Amino acid sequence: MSEQNSHAEQNSVLVNQMYESWFLDYASYVILERAVPAIEDGLKPVQRRILHAMKEMDDGRFNKIANVIGQTMQYHPHGDASIGDAITNLGQKDLMIETQGNWGDVRTGDSAAAPRYIEGRLSKFALEVAFNAKTTTWQLSYDGRKNEPVTLPMKFPLLLAQGAEGIAVGLSTKILPHNFCELLEAAVKHLKGRKFELYPDFATGAMMDVSNYNDGARGGKVRVRARIEEVDKKTLAIKDVPYGTTTSQLVDSILKANDAGKIKIKSVTDNTAKDVELIVQLAPGISTDQTIDALYAFTDCEVSISPNACVIIDEKPHFVGASDLLKHSVEHTKGLLLQELQIKLGELEDDWHYSSLEKIFIEKRIYRDIEEQTTWEGVLKAINDGLKPHIKKLRREVTQEDIVKLTEIRIKRISKYDTFKADEHIRGVEAEIEEVKNHIEHLNDYTIRYYENLLKKYGKGRERKTEIRQFETIQAHTVAIANAKLYVNYKEGFIGTGLKKDEFAFDCSDIDNIIVFRKDGKMMITKVADKTFVGKDIIYLAIFQKNDERMTYNMIYVDGKTGIAFGKRFNVTGITRDKEYDLTKGNPNSKVLHFSANANGEAEVVTITLSPGSKARNKVLDFYFEELEIKSRGAQGNQVTKYPVKSVKFKEKGRSTLSGQKLWFDPAIGRLNKDNTGTFLGSFEEGDRIITFYKDGNYELTDYELTNRFDTGSLMLIEKFHPEKAVTAIYFDGKTGVFNAKRFIIESQTLKNKYLFIREGEGNYLEFVTTKPEPLVTLKSGKKKSELTSQEVALHEVIDITGWKAVGTRIAESDLKEVVLVSELQDGTEGKKAPTLF
């Protein structure tokens, strides 16, 4: 029995060891042979085998992809489906494979046609950078019948250009694609010892925030957004898709957000053809600016991508950054170029050696010495003896292989031998040898020229497609559409969207937080839910806006211990959700006598009536909240009265005790902010407006909501609107070919309507605009920038103020190159051209 147990234990140990070994072997195989690319050529094994098979088939013509798959299966021990998917992926990247037929569309998610219907061949670029049998290390294929490359001799950072993604056992890799031209330029900078930066670039275009890219290493991320344009006040157009997203996925995410009530739209139509275009029709009364923010917050119009650069180095996975990958590729390319030069030098030296031997053999008539020889050994000895007097002219020793090669020269060649051509050939070879030696000696410069040549030959049409810009952080609760109704039971202390038998409070979003104040002086914040108990005797509830420093709460409460009434003003900018906070001194039986919430810090006046039995001489008094300083919510407040209070009644609305709201404009993201970022616009009170002027000659008035978006690409001037200020503008009239100047007062003041104030016509554009009262400008004109003439003009002296629709007065001819404001404007931000505004 004990022997059986012992045998079973041994078997158990053996199985465990086998499992551990097999699993490790399997994990290593998946990592090394399937999922993770090699650093040398940036290819996974299946990709490498596809390119090798296509090189074997290459005759300059297109091949059916079905045939390529069959050829690849000689090297790849997996099914044709995996090979077909990998070929499609390579072809869609439009770099290594030249395609013909329907290869699908990464923007729409349309798949490629069947392999028998599509064709492909290696691109000229691939043939130049990826193949050289002389510098390739070979290994046997999986069945031992053929040779395949261990890695291709890749002389280009292909891994960074194409990107890579794969999931292995216990790890994954995600390397984002980068711009072709920028990679080559960065390689040149590295060779010159200069710093460089690399950022992703996607074939799908769109916009990208790389603030946290972290050089593509683990822990970084990029945010990618589709471009969304306002067609009109009821229509938005989505012009591209974020990387890794398709138009169908984008439409589904928009419809899902609409069904969930996060956005309100009438329809979304996919008009994608040559270019991506999704048309979104908005529901009536919905703001375009808020909808754009909501699309970024709740749909796939914005995606976050986390790179994780993992590659195989020396048969082990390593996590590296994009810069390290480029540096490794450059050094690897440099090494391959050196190998090629050394191989070429050896070939040239062999050519020179044999050409010199041949010249001696024929000119010195050594071939005649073999006529009387009857044995092979005798022939070789005769030639060797004939060469001995001339060996000093050679650069290396004469081998038996050289002599045998001389015996293979035909009589016809000897009879037609041209000494002049032979000398010319030898001199040409000598020149090439010197050139190659110079390249080897200056390998760094040679590598730089190699990269510059690639950029010149193949860089056209590969310019950056993804715009790099900084994104603002969109708070989801600030842009969410009110998709729920909140109900409240004030007496029992319940709130929720499911209490439809109770009193309706207000519309809200299902992601909002609700702030609640109670009669006992307690406060809490809770998330919108179906039903939540927040405490009995609710006196006030509203949607909570975090970090809102202008929302001011005014309160009078009576302390339960002393009976003294206190008044206080406070903000609530941020607290822990579902935690109860006491706004009184914390004594039992304390209660709130008066409470108000004031969005802009208003301070009302209330009338306090004391109890008839109190000893106070004056039993009715007015209390002015503006006399109280705004403090923290934990402050006890100022004493209002020590006598018992019968009632507190509202008397009159007070003014705001807060100063105007200071706003800045951040040109990097085209948004207003309160964070002292960008250009200061001024201090804004209720009713104030902002005016913007655009390159196309339109002006627009808006409110100062932080959700407003401004097109920085065409924005010429943005400032606080002052109705009394005259606008001075210079614009180009395409019809007459001259520049006109005009001055006018803003008359049409409807918010969020654009008004064209220059002459309408093709080619017309705004060159300069200011609201400075006495603008002195310098007009620079001329055919060439190096030969410009300058003229100072006081525009307020030569141009009269007219109506905003007036054509204006000619101020310069068509050769006007620049308008420069001589003196600084005292209030606002000046600009003459959109690219140089900020």
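**Rings, charges, strands, pocket**

Reply: The model is predicted. Ring pairs link Phe693, Tyr699, Phe744, Tyr755, Phe757 and Trp804 into a cluster.

Me: Why is the pair of Tyr699 and Phe757 called tilted?

Reply: The centres of Tyr699 and Phe757 are 6.1 Å apart, and the limit for a pair is 6.5 Å. Their planes stand at 40°. Stacked needs under 30 degrees and edge-to-face over 60, so the label is tilted. By this rule the count comes to 31 aromatic pairs.

Me: What makes this pair a tie between parts apart in sequence?

Reply: Tyr699 lies in strand β38, while Phe757 lies in the loop between β42 and β43, so the pair joins parts 58 residues apart in sequence. Both Tyr699 and Phe757 are buried.

Me: How do you know that Arg121 sits over the ring of Phe62?

Reply: Arg121 lies over the face of Phe62, 4.1 Å from the ring centre. The cut-off is 6 Å, with the charge within 35 degrees of the ring normal. Lys754 lies over the face of Tyr694 at 4.4 Å.

Me: Why do β9 and β14 count as paired strands?

Reply: Pairing needs at least two bridges. β9 and β14 have 4, in the antiparallel sense. One of the contacts is Val224 with its bridge partner Val303 in β14.

Me: What makes β14 an edge strand?

Reply: β14 pairs on one side only, as does β17. The open sheet runs β14-β9-β8-β17, with mixed pairing.

Me: Which helix or strand gives the most to the lining of the second largest pocket?

Reply: α4, with 7 residues. The lining has 49 residues in total, and the pocket volume is about 1600 Å³.

Technical notes: Residues are numbered from 1 along each chain as its sequence is written. This is a predicted model: local features need pLDDT of at least 70, side-chain atom pairs count only at pLDDT 80 or more; totals for chains, interfaces and linings use all residues. Side-chain values use heavy atoms; hydrogens and water are left out. On a 1 Å grid over the protein atoms alone, a cavity is a set of points where a 1.4 Å probe fits but cannot get out, and a pocket is an open set with protein on both sides within 12 Å along at least five of seven lines; lining residues have an atom within 4 Å of a point. Grid points are joined across faces, edges and corners, and a volume is the space filled by probe spheres set on the points. Helices (H or I, at least four residues) and strands (E, at least two) are DSSP runs, numbered from the N terminus. Rings of Phe, Tyr and Trp (its six-membered ring) pair if their centres lie within 6.5 Å; planes under 30 degrees apart count as stacked, over 60 as edge-to-face and the rest as tilted. Buried means under 20% relative accessible area, exposed over 50%, partly exposed in between (1.4 Å probe, protein chains only).
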